[in-house]
Amino acid sequence: MQKIKSLMTRQGLKSPQESLSDLGAIESLRVPGKEEFRELREQPSDPQAEQELINSIEQVYFSADSFDVVKYELEKLPSVLNLQELEAYRDKLKQQQAAVSKKVADLILEKQPAYVKELERVTSLQTGLQLAAVICTNGRRHLNIAKEGFTQASLGLLANQRKRQLLIGLLKSLRTIKTLQRTDVRLSEMLEEEDYPGAIQLCLECQKAASTFKHYSCISELNSKLQDTLEQIEEQLDVALSKICKNFDISHYTKVQQAYRLLGKTQTAMDQLHMHFTQAIHNTVFQVVLGYVELCAGNTDTKFQKLQYKDLCTHVTPDSYIPCLADLCKALWEVMLSYYRTMEWHEKHDNEDTASASEGSNMIGTEETNFDRGYIKKKLEHGLTRIWQDVQLKVKTYLLGTDLSIFKYDDFIFVLDIISRLMQVGEEFCGSKSEVLQESIRKQSVNYFKNYHRTRLDELRMFLENETWELCPVKSNFSILQLH
């Protein structure tokens, strides 16, 4: 408390008791003294009579504070004064004043505890305000000292350091943007190297980085460019997937599958792969047959390229029929072999994924992988029969495109041998019977042997009619089985 008083003295401030005497509102109040209170309380009181006296007071006495009572009473005096009337009126006013004073005294006594408490609160508040003023003054003085202590050079160093940090951050952003701008060159190199997983990983990382700096206009354009590049990679990836159908390569197919896994499109890749196999079968047989037809035609006429495969098979000459059939079956066998190796690849990697998933703890990722693996397995198993059906239909169309009855017996047997080996391959491929090829071979065989039998009978008739025949001596126990 002594410290507070000393601080207030140094600041030229007054004590709460001294300041209280300066308050106009408190100074204007006139509180009755103890003697007056005693006299008022010792007087006999009649509450009803006192209230009647108070009610008899004119209303004008309760008006504004500027009301002049003396002037008002003087103006009320009559022109002719009567001493007795004046004394009686004076006594009445004194009685009214006494009643009001006693009423005020009672109210003051009633409200005195609250008044004292409020006065103490005001005093405490004033003391707190004075202490706050001292603290503020001291704070300002210390701020002035600090301002004088910190020179402009020091503040300049801080500003330069802050600017340096901002420029370092800006430099990092510019380097990142520069790297992103050069990404397309590296992506092109990766695509030429057929590093599809690396290209997709780089493109996805660049998209993630570009989203961080998307508030730059150049990055917003780069983001759309990266999206176009990603779509271009998907197109090239689809072309790379189609190459698997004719010549399966383990490393190439592994890269393709890793790329589709990064894109989250393993199921889409499997759907596309089956479409490519179907297209590969059609393109393979068409190109093989077209090559023999154009070779035998001996010209560069493009009319054969516009023909349907069914019509193209009718233009195969008898001399090139068997070599074309052999090459056709060999090309289809290569397509089937690629499909079979694709299944082997998935079985091998499914076992590896299962072993690695059993060691991991990501249940959600494992469930998604199991779902994709099950979908791919069912798709490949269903595709076996579908691929073999397409192969049978293409070979059947080729067989029916030419009448085999024009071939010699040995050539026809050779054709049957080729088809028989193809049917064995198909049964080992998917485990189903080659009903389509069997039906087509049966029809061709029936037609061939009908014509062959008819031709041989004509030859026999010619020999019987033109040759001289004699009885051949035989033993009595001769059998037809001994004829040779």
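Mentor: H17 passes H18 in a left-handed crossing. The model is predicted.

Trainee: At what angle do helix H17 and helix H18 pack, and how far apart are their axes?

Mentor: Helix H17 (residues 409-430) and helix H18 (residues 435-466) pack at about 170 degrees, and their axes are 11 Å apart. Angles over 145 degrees count as roughly antiparallel, so H17 is roughly antiparallel to H18.

Trainee: Which residues make this contact?

Mentor: H17 supplies Tyr409, Phe412, Leu416, Ile419, Leu422, Met423 and Glu427, while H18 supplies Leu437, Gln438, Ile441, Gln444, Ser445, Tyr448, Phe449 and Tyr452. By class, the contact of H17 with H18 has eleven nonpolar, three polar and one charged residues.

Trainee: Which residues of H12 and H13 meet?

Mentor: Tyr253, Tyr260 and Arg261 of H12 meet Thr266, Ala269, Met270 and Leu273 of H13. The contact of H12 with H13 divides into five nonpolar, one polar and one charged residues.

Trainee: How does the span of H13 stand against the expected value?

Mentor: H13 has 32 residues and reaches 45 Å from its first C-alpha to its last, close to the 46 Å expected at 1.5 Å a residue. Glycine 298 follows H13, and its phi is positive, near 75 degrees.

Trainee: Why is H9 called roughly antiparallel to H10?

Mentor: The axes of helix H9 (residues 183-192) and helix H10 (residues 196-212) come within 8 Å and cross at roughly 160 degrees. The class needs an angle over 145 degrees, so H9 is roughly antiparallel to H10. The crossing of H9 and H10 is left-handed.

Trainee: What residues make up the contact of H9 with H10, and how do they divide by class?

Mentor: Thr183, Arg186, Leu187, Met190 and Leu191 come from H9, and Tyr196, Gly198, Ala199, Leu202, Cys203 and Cys206 from H10. They divide into eight nonpolar, two polar and one charged.

Trainee: How do you know that aspartate 106 forms a salt bridge with lysine 102?

Mentor: Their closest N and O atoms are 3.7 Å apart, and the cut-off is within 4 Å, so the pair counts as a salt bridge. Aspartate 106 and lysine 102 both lie in helix H7 (residues 83-149), four residues apart, about one turn of the helix.

Trainee: How many salt bridges does this rule give?

Mentor: The count comes to seven.

Terms used:
Residues are numbered from 1 along each chain as its sequence is written. This is a predicted model: local features need pLDDT of at least 70, side-chain atom pairs count only at pLDDT 80 or more; totals for chains, interfaces and linings use all residues. Side-chain values use heavy atoms; hydrogens and water are left out. Axes are lines fitted to C-alpha atoms, for helices over the stretch in contact, and angles run from 0 to 180 degrees between N-to-C directions. Helices (H or I, at least four residues) and strands (E, at least two) are DSSP runs, numbered from the N terminus. Angles under 35 degrees count as roughly parallel, over 145 as roughly antiparallel, 65 to 115 as roughly perpendicular and the rest as oblique. A crossing is left-handed if the near helix is turned anticlockwise from the far one by less than a right angle, and right-handed if clockwise. Contact means heavy atoms within 4.5 Å. Ala, Val, Leu, Ile, Met, Phe, Trp, Tyr, Cys and Pro count as nonpolar, Asp, Glu, Lys and Arg as charged, and the others, Gly among them, as polar. The expected span of a helix is 1.5 Å times one less than its number of residues. A salt bridge is a side-chain nitrogen of Lys or Arg within 4 Å of a carboxyl oxygen of Asp or Glu.
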